[in-house]
Amino acid sequence: MTFFAKFDGKKVHQFYRTIGRKIMATDNFISNILVVMPMVNEEGNIGRIVPAVLEQGPEFNILICEDESTDRTPELAEELSRKYPDRVSVIHGKREGLGPAYVRGFKWALERDYKLIFEMDADFSHQPKYLRPMAELAMTDGVHMVVGSRRTKGGGVENWDWYRRLLSWGGSIYTRLITGLPVKDATAGFVVYRREVLEHIDPAKLSAGGYAFQIETKYQAWKLGYNIREYPIIFPDREVGETKLTKKIIGEAITMVWKLRFGKAGKISRKGE
Ligand SMILES: Nc1nc2c(ncn2[C@@H]2O[C@H](COP(=O)(O)OP(=O)(O)O)[C@@H](O)[C@H]2O)c(=O)[nH]1
Ligand SMILES: [Mg+2]
């Protein structure tokens with residue numbers, strides 16, 4: 001690494017981009033997929049979303065990351081893992097936000113032999129029917145990460161009020177303008193990574209609790225030179241249960257992009273280098 005560090009940032013990224021395409025992303029078999037699904041108070045969704053994901057094919061497995069729910073989610077999750085012992089696992093943690101829940105989930109995934117790792121919400125906004133096409137795209141040559149995108153041709157949102165639309169639209173444009181991240185749906189949370197991407201993302205630099213976490217992971221992957229593609233998805237609003245989006249989470253995202261652009265958080269190198 002010291003050798004490449006002599007180049008300026010741009011060349012380092014270009015170098016990774018080139019090797020990324022040529023060496024690291026040429027294995028095209030779909031196998032062993034883990035869908036990491038964070039949940040707090042999802043008793044109205046958990047019983048339907050888990051089988052709906054498993055139905056997409058025998059390659060799909062689920063890790064439920066449950067944090068301090070006050071409804072029946074923890075018991076229902078345990079029940080499902082007993083019902084599908086080889087395919088559904090559960091970990092419970094402190095309720096610190098989506099970011100820390102995913103960091104725990106990714107660590108769990110990397111300790112095991114999964115080739116593709118998904119991030120997916122439990123509330124059916126991320127529709128299970130997209131899992132397979134996104135996995136297939138992620139396994140094509142030269143692609144490392146696929147973002148289920150509301151802002152690429154063919155994608156969109158359903159049943160959103162003007163406030164959520166404006167927030168999502170403004171958030172994406174703002175993020176791209178300040179950070180330069182070449183992803184149209186910068187705050188998207190339906191994402192699949194090839195395992196090597198997560199192996200090289202530094203969890204110590206993922207500080208955010210909410211949406212900003214989505215920006216941080218995409219930013220790191222891009223800076224490391226991984227090739228990110230967007231797959232169009234239709235994103236209906238949740239029908240059951242309540243959103244956990246708060247003003248605090250929005251505020252965190254607004255300041256995060258500046259930290260990525262100008263602060264230490266944005267100085268990205270491979271983990272341990
Ligand atoms: N484990 C865990 N899951 C969370 C936390 N906050 C939100 N979630 C889950 O993350 C997903 C997205 O949250 P949601 O409330 O739907 O956010 P929205 O889609 O932006 O309104 C859902 O599956 C939630 O249950 C948290 O602190 N810990
Ligand atoms: Mg949601």
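Biologist: Which residues come nearest to ligand 1?

Modeller: Of the 19 residues around ligand 1, the nearest are Pro-38, Ala-101, Ala-122, Thr-243 and Lys-244. Being near a molecule takes a C-beta atom, placed from the backbone, within 6 Å of it. Bear in mind that this is a predicted model, where local features need pLDDT of at least 70, side-chain atom pairs count only at pLDDT 80 or more, and totals for chains, interfaces and linings use all residues. Residues are numbered from 1 along each chain as its sequence is written, while chains are lettered from A and ligands numbered from 1 in the order in which they are written.

Biologist: What makes up the shell around ligand 1, by class?

Modeller: That shell splits into 8 nonpolar, 3 polar and 8 charged residues. Here Ala, Val, Leu, Ile, Met, Phe, Trp, Tyr, Cys and Pro count as nonpolar, Asp, Glu, Lys and Arg as charged, and the others, Gly among them, as polar. Strand 2 gives the most, with 3 residues.

Biologist: Why are helix 3 and helix 4 called roughly parallel?

Modeller: Their axes cross at roughly 30° and come within 10 Å. Angles under 35 degrees count as roughly parallel, over 145 as roughly antiparallel, 65 to 115 as roughly perpendicular and the rest as oblique. So helix 3 and helix 4 are roughly parallel. As for the terms, helices (H or I, at least four residues) and strands (E, at least two) are DSSP runs, numbered from the N terminus. Axes are lines fitted to C-alpha atoms, for helices over the stretch in contact, with angles running from 0 to 180 degrees between N-to-C directions.

Biologist: Why does Glu-68 count as partly exposed?

Modeller: Glu-68 has 13 C-beta neighbours inside 10 Å. A residue is buried if 20 or more other C-beta atoms lie within 10 Å of its own, exposed if 12 or fewer, and partly exposed in between, with C-beta atoms placed from the backbone. So Glu-68 is partly exposed. Glu-68 also has a positive phi of about 45° although it is not a glycine.

Biologist: And what makes Phe-124 partly exposed?

Modeller: Phe-124 has 18 other C-beta atoms within 10 Å, so it lands in that class. Phe-124 sits in the loop between strand 4 (116-119) and helix 6 (131-138).
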